[in-house]
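Colleague: I have the model open beside the sequence. Can you take me through it, one question at a time?

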Amino acid sequence: MSRVGKKPILIPAGVEVKIEGSTVKVKGPKGELQLEIRPELKIELKENNLILSLAQTDSQAGALWGLYRMLVANLVEGVTKGFEKKLEIEGVGYKATLEGENLVLLVGFSHPVKLLIPQGLKVVIEKNLITVSGISKADVGQFAAIVRKVKPCEPYKGKGLKYLGEKVRRKVGKKVVATKG
């Protein structure tokens, strides 16, 4: 039994939830999101809470119960607060700029790397910090991962892109030995 799946999802004021068949639509001050619920699960709206329960009692349904409860909770949180990921740019001459709907990264390659910012996401650049924000947790995380993958932080000098607060395990380089002569 899933401990996470058993918890009801509280719907805050200003958020509207509609259940149409197996689709959950959540509308709030920041936007609107929807999610298709698997047939092994059922969802119901009681008073001001969303409750997920098992429609079937097999092992796969139990495994999906907690996952879908968190996905629906992320929908509710996304339309009220939104999500954001911050990336740090580390390295001499490394920088990022915005050109229209593109994020342009200058990270030590012979050419600038241009990434198209997906619809519904907002990117803000302040000095060496890139902030990706939006209402869908999956979209924000996916785009931040794509940006980080362009030039991940390397372990010798620590140059590259990393999440804010991420610890990069540093390695010791080769040592120069003086010759006796």
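Modeller: Start with a term. A pocket is an open set of grid points with protein on both sides within 12 Å along at least five of seven lines, and lining residues have an atom within 4 Å of a point. Keep in mind that this is a predicted model.

Colleague: Which residues line the largest pocket?

Modeller: The elements that give two or more residues to this lining are β4 (32-36), α2 (59-80) and α3 (137-150). The lining itself consists of L33, Q34, L35, L71, N74, L75, I135, S136, K137 and A138.

Colleague: What is the volume of the largest pocket?

Modeller: Its lining includes L71 and N74. The volume comes to about 180 Å³.

Colleague: Now the whole chain. Why is it described as more spread out than a compact globule?

Modeller: The chain has 3 helices and 13 strands. For 181 residues the globule rule gives 16 Å. The radius of gyration is well over that, so the chain is more spread out than a compact globule, at 22 Å.

Colleague: What box do the C-alpha atoms fill?

Modeller: The box is taken along the principal axes. Its dimensions are roughly 85 × 40 × 25 Å.

Colleague: What percentage of the residues count as buried?

Modeller: The chain exposes about 11800 Å², and carbon and sulfur atoms supply 52% of that area. A residue counts as buried under 20% relative accessible area. Of the 181 residues, the buried share is 36%.

Colleague: Among contacts between residues at least 6 apart in sequence, what percentage join residues at least 24 apart?

Modeller: A contact here means heavy atoms within 4.5 Å. The share joining residues at least 24 apart is 51%.

Colleague: Is L87 buried or exposed?

Modeller: L87 lies in strand β7 (residues 83-90). Leaving out residues up to four places away in sequence, L87 touches N128, L129, I130, V132, A144, V147, R148, K162, Y163 and L164. Its relative accessible area is 0%, so L87 is buried.

Colleague: How far apart in space are L87 and Q60, C-alpha to C-alpha?

Modeller: Along the sequence, L87 and Q60 are 27 residues apart. In space, their separation is 36 Å.

Colleague: K162 is a lysine. Is K162 buried or exposed?

Modeller: K162 sits in strand β13 (residues 160-163). Beyond its neighbours within four places, K162 is in contact with K86, L87, E88, E90, R148, C153 and V168. The cut-off for buried is under 20%. At 15% relative accessibility, K162 therefore counts as buried.

Colleague: Which residues does R170 touch, not counting those up to four places away in sequence?

Modeller: R170 lies in the segment after β13, and R170 is exposed at 51% relative accessible area. The C-alpha atoms of R170 and P155 are separated by 4.6 Å, although these residues are 15 apart along the chain. R170 touches P155, Y156, K157 and G158.

Colleague: How far is K157 from G91 in space, C-alpha to C-alpha?

Modeller: K157 is in the loop between α3 and β13, and K157 counts as exposed at 62% relative accessibility. K157 and G91 are 66 residues apart in sequence. In space they are separated by 8.5 Å.

Colleague: And how far is K174 from P12 in space?

Modeller: K174 is in the segment after β13. K174 is exposed, with 85% relative accessible area. K174 and P12 are 162 residues apart in sequence, and their C-alpha atoms are separated by 57 Å.

Colleague: What is the phi of E47?

Modeller: Most residues other than glycine have a negative phi. E47 is in the loop between β5 (41-46) and β6 (49-54), and E47 is exposed at 81%. E47 is not a glycine, yet its phi is positive, at about 55°.

Colleague: Where does K127 lie?

Modeller: K127 also is not a glycine, and its phi is positive at about 50°. With a relative accessible area of 81%, K127 is exposed. K127 lies in the loop between β11 (122-126) and β12 (129-134).

How values were computed: Residues numbered from 1 in each chain as written. Predicted model: local features only at pLDDT ≥ 70, side-chain atom pairs only at ≥ 80, totals over all residues. Heavy atoms only, no water. 1 Å grid on protein atoms, 1.4 Å probe; cavity = no way out; pocket = protein on both sides within 12 Å on 5 of 7 lines; lining within 4 Å. Points joined across faces, edges and corners; volume = space filled by probe spheres on them. Helix = DSSP H or I, 4+ residues; strand = E, 2+ residues; numbered from the N terminus. Rg over C-alpha atoms; globule rule 2.2 N^0.38 Å. Buried < 20%, exposed > 50% of the residue type's maximum accessible area, 1.4 Å probe, protein only. Areas by Shrake-Rupley, 256 points an atom, 1.4 Å probe, with all protein chains shown as cover.
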